[in-house]
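Thanks for coming. Please have the sequence and the structure open.

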Amino acid sequence: MDNLAKEGASQQNKYDFEKIASTPEFKQLMKAKKKFLVPVSAVFLFLYFLLPILTSYSTILNTPAIGAISWTWVYSLSLFIMTWVLCMVYVKRAARYDKMAEALIEKYNQGDKSL
Amino acid sequence: MSGVGLLLFVLIVGLTLVITYWAAKRTKTASEFYTAGGGLTGWQNGLAIAGDYLSAASFLGIAGAIALNGFDGFFYSIGYLVAYLVVLYIVAEPLRNLGKYTIADMITARFDQKKVRAVAALSTITIVIFYMIAQLVGAGALIQLLLGIDYWVAVLLVGVMMTTYVLFGGMTATSWVQITKAVLLMIGTVVISFLVLAKFNFSIFTMFSEMKTLTPLGEDYLNPGVKYKVPLDTISMMAALVLGTAGLPHILMRFFTVKDAKTARSSVVTATWVVGIFYILTIFLGFGAAAFVGSEDIIAANAAGNMAAPLLAKALGGDFLMSFVSAVAFATILAVVAGLVLSGASAFAHDIYGQIIKKGQITEKQQMLAARYASISVSILSIILALFAQKMNVAFLVSLAFCVAASANLPVILYTIYWKKFNTAGAVTGMLTGLFTALVLVAISPNVLNPVAGAAILVGDPIFPLTNPAIVSIPAGFIGAYIGTVVANRHNEKKYAEVMVKANTGVK
């Protein structure tokens, strides 16, 4: 680890970050991520906050849903299922983002860096 | 305490010491000390995250809260779990790609200035101290109940153990103590839940319908509103839970223990499954305790309900199961406080001493020495504070920790990764605004000021009506960061391009 400084210096010359950021591939990656992460995050946060809002300001969820189990519990357990499902969906998506990122870095490494 | 109980305690303490001895031989560099050399696999780190996260407040606190307040106790379980989506979607991967040992590393990857690092370290230390006092005071009270030893002996016992793990075994020992604890906790929880379900003839429907008559609350037991009657307070608490996790230093630090963003991602997935299953099972712990122990006995043992799970274990499986559950609770406390010591020490030794005072000009040996001194200092400070805080109601310390994490850290983490125009001034004002808004609002809230003598720290009318200030302090953090950025009105696009590329591709 004593050669940390040296490593740092060589790393600084390795990539031109502005150039990578301006490639169409990188822009595409950011767009793909945004297109998924922003709406999905908005939806899960909305569904999450809807629970305390509904339970605080109404008794609508207190009605029975399945047998003795009320909608409050069904809604709450749905939030668990939502979390697991969105977790797995993201993993699938992210594998695609990984590939996009790998491809663009590989392309950059093969290209002429002085450009 | 029975002979079996003592044996189980000795076994758990012995096991963690063996882990520490083994880990000590693998802890020679600062990177090994802070991050276990970044060599954990996804599932190992996932279990360790679960072990770090499922504190005594989760295990004992939520079981008790559901036992006494029914559905309202379950709010915590929901918030603590959904928080992992925020961690996974927004924070985990960029954090892994940009940081080294601390949150400050990540923010200074974009704004390399001492004041940014200093403020980030300050907020980390604040969160760690509040969280730590809460854990230690809770641990002291709990072990006092479980083992029948004095409070100060219990605090010292936990304090010495956590210092030993961190001092000698660093992150490797801490991680494996957390993994061991996560496995034990899951076993204990699954066994109890199974026994509870068996009592209801393995029918969840029978359980729900019988719960309507088994508690003094009657049908209300299954409906929200037993404990949380102020709508804004409930929503505010839920905001702190779901957004706070993504700013907790001891959880975020865990992402530096894996080699890349991909592994960080898979560790969140493992953690989400483990933590989620655990939180589902808190229903059985709570319902079981309410049905087979009864709220009267639960409150008699501890007014906050913290003894619900051990008492339920006793009711279902006799002394042996109770001893096992108590030993698991003890392991739970140790695993969490060790993680806290480590993240506090990293802020002191790496951020403040190594990077600010020594400007990064520090040898490997000096780094290790600083890290160890910082660990001892953090431990001693926490032990002393916990000894003085014995009589304090600690519940608000935990909510304060989540609140500060959500208000001071999360806005700045988000802006650092996603906002092109964000700048140094914005980072500093954002963290300070979030931090102090949360602190001041809690100081004038019903947690501290209560007209009934003895109900809170001071007697008087609360100036701020909500017990949890998140609904005000989180927006304050975002607005503070925004205003600071706009007023200073300069930003470095080149640096942002670098941060964006690094965060999203993992190149160094």
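Start at Ile90(B): apart from its neighbours within four places in sequence, Ile90(B) is in contact with Ser41(A), Ala246(B) and Leu414(B). Contact here means that the C-beta atoms of two residues, placed from the backbone, lie within 7 Å.

A word on the source. This is a predicted model, in which local features need pLDDT of at least 70 and side-chain atom pairs count only at pLDDT 80 or more, while totals for chains, interfaces and linings use all residues. Residues are numbered from 1 along each chain as its sequence is written, and chains are lettered from A and ligands numbered from 1 in the order in which they are written.

Back to Ile90(B), which sits in helix H5 of chain B. Helices (H or I, at least four residues) and strands (E, at least two) are DSSP runs, numbered from the N terminus. From Ile90(B) to Leu214(B) is 124 residues in sequence and 43 Å in space, C-alpha to C-alpha.

Next, the helix around it. H5(B), residues 71–98, packs with H12(B), residues 261–292, at about 175°, the axes being 10 Å apart. Axes are lines fitted to C-alpha atoms, for helices over the stretch in contact, and angles run from 0 to 180 degrees between N-to-C directions. The two helices are therefore roughly antiparallel, the word for angles over 145 degrees, with under 35 called roughly parallel, 65 to 115 roughly perpendicular and the rest oblique. Residues on the H5(B) side include Phe74(B), Tyr84(B) and Arg96(B), and those on the H12(B) side include Val268(B), Tyr279(B) and Gly286(B). The residues of this contact are 14 nonpolar, seven polar and three charged. Nonpolar covers Ala, Val, Leu, Ile, Met, Phe, Trp, Tyr, Cys and Pro, charged covers Asp, Glu, Lys and Arg, and the others, Gly among them, are polar.

Another pair in chain B is H3(B), residues 42–53, and H8(B), residues 151–199, whose axes come within 7 Å and cross at roughly 75°. That makes H3(B) roughly perpendicular to H8(B). Leu47(B) and Gly51(B) are among the H3(B) residues that make the contact, as are Ile179(B) and Ala182(B) from H8(B).

Now the interface. How many residues of chain B are in contact with chain A? There are 42, and they meet 41 residues of chain A. H5(B) gives the most to this side of chain B, with ten residues. By type, the side divides into 25 nonpolar, ten polar and seven charged.

From chain A, look at helix H4(A), residues 71–110. H4(A) has 40 residues and reaches 57 Å from first C-alpha to last, close to the 58 Å expected at 1.5 Å a residue. Its buried residues, among them Trp73(A), Leu86(A) and Tyr97(A), pack against H2, H3 and E2 of chain A together with H5, H12 and H19 of chain B.

Last, chain B as a whole. Chain B has 19 helices and two strands. Its C-alpha atoms fill a box of roughly 65 × 50 × 40 Å along the principal axes. Buried residues make up 63% of its 508 residues.

Key: Buried ≥ 20, exposed ≤ 12 C-beta atoms within 10 Å, placed from the backbone. Expected span 1.5 Å × (residues − 1).
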